[in-house]
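Here is a short report on one protein model.

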Amino acid sequence: MSGAAASADPRWRIERRLDDLEATEHFAQALAAVLRPGDVLILTGGLGAGKTTFTQSLAAALGVSGRVSSPTFVLSRIHRAEHDGPDLVHVDAYRTDAAGVEGLDLVSTRERSVTVVEWGRGVAEEALVGVDGSWLDLELVDPAVPQAPAAPVRGAAPSDGPGAPEIITDFSESEEDLLGSARRAVLRGFGPRWAEGPQLP
Ligand SMILES: Nc1ncnc2c1ncn2[C@@H]1O[C@H](COP(=O)(O)OP(=O)(O)O)[C@@H](O)[C@H]1O
Ligand SMILES: [Mg+2]
């Protein structure tokens, strides 16, 4: 990316600890309440950090149709508003680049939608925010996942070494599967639309 968006500084930064899935849902609800048609939300964070899960809660709070999923082939999907309010355009830019995102022509749907782009940092800003250079960047971090560069695990036995791996016969969902675990959320606002930070719990 070459234009002004690449070098922009955030107007503000809000950090929250999301203790479990419910906290992520509440955070998405609070954000949905301040989002308007035309807004762009870029989601950043590793695999499994919770970008799609967050988008599902956002979709529920916005009241749009269809199930938000991790697209395998489809890069972009539009979820229509079921009542008044913006549509949700959900993009997964994992398998594409800035040219690919531009090819999706998100500008034509942007005006009446909230546009959410997973893996969008550095590839979606130019394509999307040309109009007034405003967007939100939400970074989700799973503190349990080592961040790159990954630290070596001290004292870990090689997987094929002595001490055969334990055979797990209980496939019931753990409490963590049901309730989730903590994530760190960092929200940054860019451009005139986000001159003021939103009031979030
Ligand atoms: N607090 C939390 N917020 C979001 N997801 C969570 C949380 N705790 C556990 N999870 C789980 O982590 C996984 C996140 O997956 P997903 O949303 O697909 O991530 P991504 O889209 O970032 O790759 C889901 O299985 C979800 O249930
Ligand atoms: Mg995802």
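## Terms and source

Buried means under 20% relative accessible area, exposed means over 50%, and partly exposed lies in between (1.4 Å probe, protein chains only). This is a predicted model: local features need pLDDT of at least 70, side-chain atom pairs count only at pLDDT 80 or more, and totals for chains, interfaces and linings use all residues. Residues are numbered from 1 along each chain as its sequence is written, chains are lettered from A and ligands numbered from 1 in the order in which they are written, and side-chain values use heavy atoms, without hydrogens and water.

Threonine 52 sits in helix H3 (residues 51-62) and glutamate 118 in strand S5 (residues 113-118), so the pair ties together parts 66 residues apart in sequence. Helices (H or I, at least four residues) and strands (E, at least two) are DSSP runs, numbered from the N terminus. Glutamate 118 is buried at 2% relative accessible area. Threonine 52 is also buried, at 13%.

## Positive phi angles

Aspartate 105 is not a glycine, yet its phi is positive, about 50 degrees. Aspartate 105 lies in the loop between helix H4 (98-103) and helix H5 (106-110). It is partly exposed, at 42% relative accessibility.

Tryptophan 119 has a positive phi near 60 degrees. Its loop runs between S5 and helix H6 (125-128). Tryptophan 119 is partly exposed, at 26%.
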